[in-house]
Amino acid sequence: MVTQLPKTDVVIVGAGWSGLAAAYELANAGQRCVVLERGKWRHTVTSFGAPEEHDELKYARRKEHMIDTPIKTLSFRNNSSETALPMRRLGSFLPGKGLGGAGIHWNGQLWRPLPSDLNMASHYSDRYGEEILNGLSVQDWGVSYDELEPHLDFFEKVCGTSGFAGNLNGDTVEGGNIFEGPRSDNYPTQPMNSSPPQQMFRNTARQMGYHPFQMPSANVTEAYENPYGAQLHSCTYCGFCERFGCGYMAKADPIICIYDVLKNHENFELRTEAHVLRVEKSADGKTATGVTYIDADGREVFQPADTICLNAYALWNVHLMLVSGLATPYDPLTGTGTVGRNYSYQTIAAASVFFDKEVWSNPFMGAGAMGVTIDDFNGDNFDHTDLGFVGGGYISATQTNGRPINYNPTPPGTPAWGREWKRAVRDNYLHHIGLTVHGSSVSVPQNYLDLDPTYVDDYGQPLLRMTFDFPENDRRMSSYVLSKAEEIGRNMDHVVDVGTVNRAAEGARYSVVPYQTTHNVGGAVMGTDPTTSVVNRYGQMWDHHNVFVFGACLFPQNLGYNPTGPLMGLAYWTLEHMKSDYLGNPRPLMDA
Amino acid sequence: MRQIQIAALVSVPLLLGIGLTAGAQDFSGGPDIQTLEDRLDNDSTAFNARVQQRPDDDLLELGRLVAMGGAANGGSGMACITCHGTDGHGDGSGAFPRLDGQPGWYLYKQLVDYANGARPNKVMSPIADRLTEHEMEAVAAYYGAMPTGTIPKHGEVPGTELQWGGQLSAVGSAEKGIPACVNCHGANGTGLAPSVPYLAGQYASYMELQLQLWKDGVRDNDAMNVMSSIARKMNENDMRAVSEYLSRVTTEEAQTGPDLAVSE
């Protein structure tokens with residue numbers, strides 16, 4: 001027996017960054033919004049206060065803020081000749097749960113895409129010839145940097161982002177990221193501080209001819225009021241961003257930045273512990289009629305709506321489309337269909353730099369986005385001729401934490417346990433910095449998402465199945481950029497040793513076990529061609545015009561940056577077109 | 001609400017210094033140097049007291065001298081103990097904070113900030129201005145090495161006010177956007193050496209005044225500039241409630257210093 005509720009204007013699946021932004025903008029545009037959140041209600045101030053929150057075992061190891069795999073997981077295999085098995089423990093990536101979603105436990109590294117990231121296929125073809133993209137399914141996003149710029153700027157202001165502009169209205173500013181696209185405004189708050197090893201990284205990189213800058217950060221550096229009227233406080237560099245909520249109200253999150261200034265709006269209703277099962281389609285299949293979910297009391301409920309927004313985590317959005325029969329699933333054998341196509345990840349490597357006792361990092365003082373970065377090897381900021389790959393990544397001396405369980409850097413050759421290991425941790429804990437290589441990930445025909453033929457979840461729905469291994473392109477890219485990071489490390493003063501780790505090394509297969517990054521992207525990509533994209537350039541589904549899709553599942557391939565900035569720029573772009581063009585006259589915004 | 005207003009009125013004469021004579025001029029009290037030195041055998045006490053170096057008996061001797069109003073450079077011109085007591089407990093009025101067992105580096109930084117105007121105060125700024133850097137360090141380490149104890153509480157406060165103060169201290173206020181005190185000041189308000197002072201057992205009227213100074217922008221000397229943005233979200237009732245609450249918090253930890261495992 002399904003309970004049918006009165007119709008609402010908009011139903012929004014997921015109360016993270018993009019879901020709450022959608023609710024804010026649409027509620028204030030006169031739309032009655034119902035937001036369905038799988039997890040529980042919580043609040044930044046009352047739920048994430050230190051010192052309780054600084055419980056590394058509970059939150060970072062046992063992952064209390066992340067999705068519970070018995071409730072939601074996927075199956076995984078490296079290639080289509082294997083049988084996928086369910087991921088029963090979280091590992092490589094950590095989707096969130098509860099109000100605020102993964103926007104609670106993110107680090108706050110807040111980037112913009114490079115202009116050339118957004119038209120990657122045409123940009124590379126024009127510069128190097130089409131053959132450089134052979135074997136890849138890289139494509140243009142269908143939206144340009146200039147179109148997104150106001151929305152990227154707005155989200156930076158929602159977060160009170162700290163940073164130092166490198167390109168203001170086309171003028172290069174020394175000390176900022178000179179590769180970034182033109183910015184219409186500076187960052188709203190001052191750049192973060194940097195530790196001695198980060199300052200050394202900056203000096204060495206500059207001496208080597210690179211262009212270091214302070215990483216843009218949603219760890220706010222001064223008291224700040226965002227455009228919605230929400231208040232943020234300044235960061236104390238406590239070193240508990242990643243995997244933790246921020247009870248200091250210093251790391252921008254969806255609860256303080258949006259929910260608090262939305263919760264009393266007459267057009268806003270949040271329903272927590274609502275597990276959405278599927279989007280229901282109309283009889284003719286051209287539109288969706290609403291969503292069916294299991295409520296907090298275990299009842300099956302149908303919530304009709306005129307407009308449906310999918311704002312779940314990238315992978316779960318794709319899963320929801322597949323189990324709902326929205327659009328056509330991708331078939332890797334024929335290359336047809338779109339849902340699940342162009343799944344990509346992020347290619348992470350790192351150099352670990354060990355100093356003598358003259359250099360102190362004091363890693364317990366850190367922040368999730370406290371980094372000094374170079375972008376000289378990101379995107380197409382460098383000449384790819386004869387390199388054998390496309391894409392790149394940023395190299396960043398980051399100091400995110402010095403947590404007692406997690407942070408125990410040891411030089412190459414140290415035993416993995418025992419007295420020698422303990423001695424090495426003691427000797428190096430205060431004299432080390434990691435240089436992260438945060439690399440792009442190309443889409444290829446053999447990496448994709450579909451429904452598992454064997455395994456079902458508690459609700460009887462087939463699991464999402466991920467088929468992924470690092471493309472050769474990305475292995476070459478990662479090896480190249482990592483060698484540059486290592487070189488900078490070796491050129492720094494007082495360096496005793498440099499170690500490297502590369503998950504995408506030649507011969508190493510991608511594994512879902514060791515943590516790498518939560519930046520799963522693609523699977524419901526945007527574009528201007530309905531045969532290679534699920535949604536049009538406005539985030540609207542080609543096949544069901546009243547379904548709008550948000551999040552990193554829209555990325556046709558992953559850029560070398562953390563996805564939150566780009567995906568929120570896209571969210572505000574979509575919302576602007578919904579408000580100005582769609583809601584008053586619902587129809588496909590582009591001709592298929 | 002009426003009771004709360006009465007409580008505020010009671011504290012006014014105390015702020016004006018009516019209690020000044022209570023034990024403040026007794027030069028003979030307070031721990032001797034050997035007692036303090038023995039306490040430094042405990043790593044966490046030594047860490048709590050340290051400023052630049054691990055304190056030794058010479059530094060503590062100098063600190064005691066400064067506290068008593070003397071020093072090579074002519075001293076501060078006024079003995080610390082006059083208002084803060086030989087045991088660091090203040091004079092009982094609540095106008096002057098207790099210093100016993102407060103992190104040495106925190107105390108040192110306050111002296112520096114009094115001297116340079118970052119924390120302007122008509123009494124303390126001229127005093128700090130006459131101290132050398134080394135004397136500031138010494139007197140900070142001296143008080144930082146002292147054992148903490150409990151002090152008498154002033155006045156009656158309604159239970160509802162204490163409850164609200166306890167909530168602000170422990171979990172803050174989502175409605176007002178006030179983060180909990182314990183975020184930085186420790187689970188029981190016992191501070192976090194070297195930079196975060198304890199609040200548990202501190203004088204309520206002193207803390208209330210400091211919150212008002214943060215709010216007004218008179219005091220603006222914390223490293224990351226967090227206190228002013230917090231205080232700006234508090235009204236007078238919030239400030240009084242959280243101050244009264246924290247002044248009444250006594251824990252075993254508050255009396256023995258934080259349990260920090262520190263190795264050099």
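Reader: Which residues of helix 7 of chain A are called buried, and what does "buried" mean here?
Author: In this predicted model, the buried residues of helix 7 are Pro197(A), Gln198(A), Met200(A), Phe201(A), Arg202(A), Thr204(A) and Ala205(A). Buried means under 20% relative accessible area, exposed means over 50%, and partly exposed lies in between (1.4 Å probe, protein chains only). The elements are DSSP runs numbered from the N terminus, with at least four residues of H or I for a helix and at least two of E for a strand. Residues are numbered from 1 along each chain as its sequence is written, while chains are lettered from A and ligands numbered from 1 in the order in which they are written. As the model is predicted, local features need pLDDT of at least 70 and side-chain atom pairs count only at pLDDT 80 or more, whereas totals for chains, interfaces and linings use all residues; side-chain values use heavy atoms, with hydrogens and water left out.

Reader: What covers the buried residues of helix 7 of chain A?
Author: The cover includes helix 11 (472–491) and strands 8, 15, 16, 17 and 18 of chain A. Contact requires heavy atoms within 4.5 Å.

Reader: Why is the pair Arg403(A) and Glu56(A) called a salt bridge?
Author: A salt bridge needs a side-chain nitrogen of Lys or Arg within 4 Å of a carboxyl oxygen of Asp or Glu. The closest N and O atoms of Arg403(A) and Glu56(A) are 3.2 Å apart, and therefore the pair meets that limit. Arg403(A) counts as buried because its relative accessibility is 2%, and Glu56(A) because its value is 5%.

Reader: Are Glu147(A) and Arg537(A) buried or partly exposed?
Author: Glu147(A), at 26%, is partly exposed, whereas Arg537(A), at 17%, is buried. Their closest N and O atoms are 2.8 Å apart, in a salt bridge.

Reader: What makes Glu156(A) and Arg183(A) a link between parts of chain A?
Author: Their side chains meet in a salt bridge of 2.8 Å, N to O. Glu156(A) lies in helix 6 and Arg183(A) in the loop between strand 7 and helix 7, so the pair ties together parts 27 residues apart in sequence. Glu156(A) is buried at 1%, and Arg183(A) is buried at 1%. Both belong to a network of salt bridges that includes Arg112(A) and Asp185(A).

Reader: How many residues of chain B are in contact with chain A, and what area is buried between these chains?
Author: 20 residues of chain B contact 20 residues of chain A. The buried area is about 1500 Å², of which carbon and sulfur atoms give 60%; such area is what two parts lose on being put together, summed over both (1.4 Å probe). The chains share 1 salt bridge, and Lys263(A) and Glu175(B) meet in a salt bridge at 3.7 Å.
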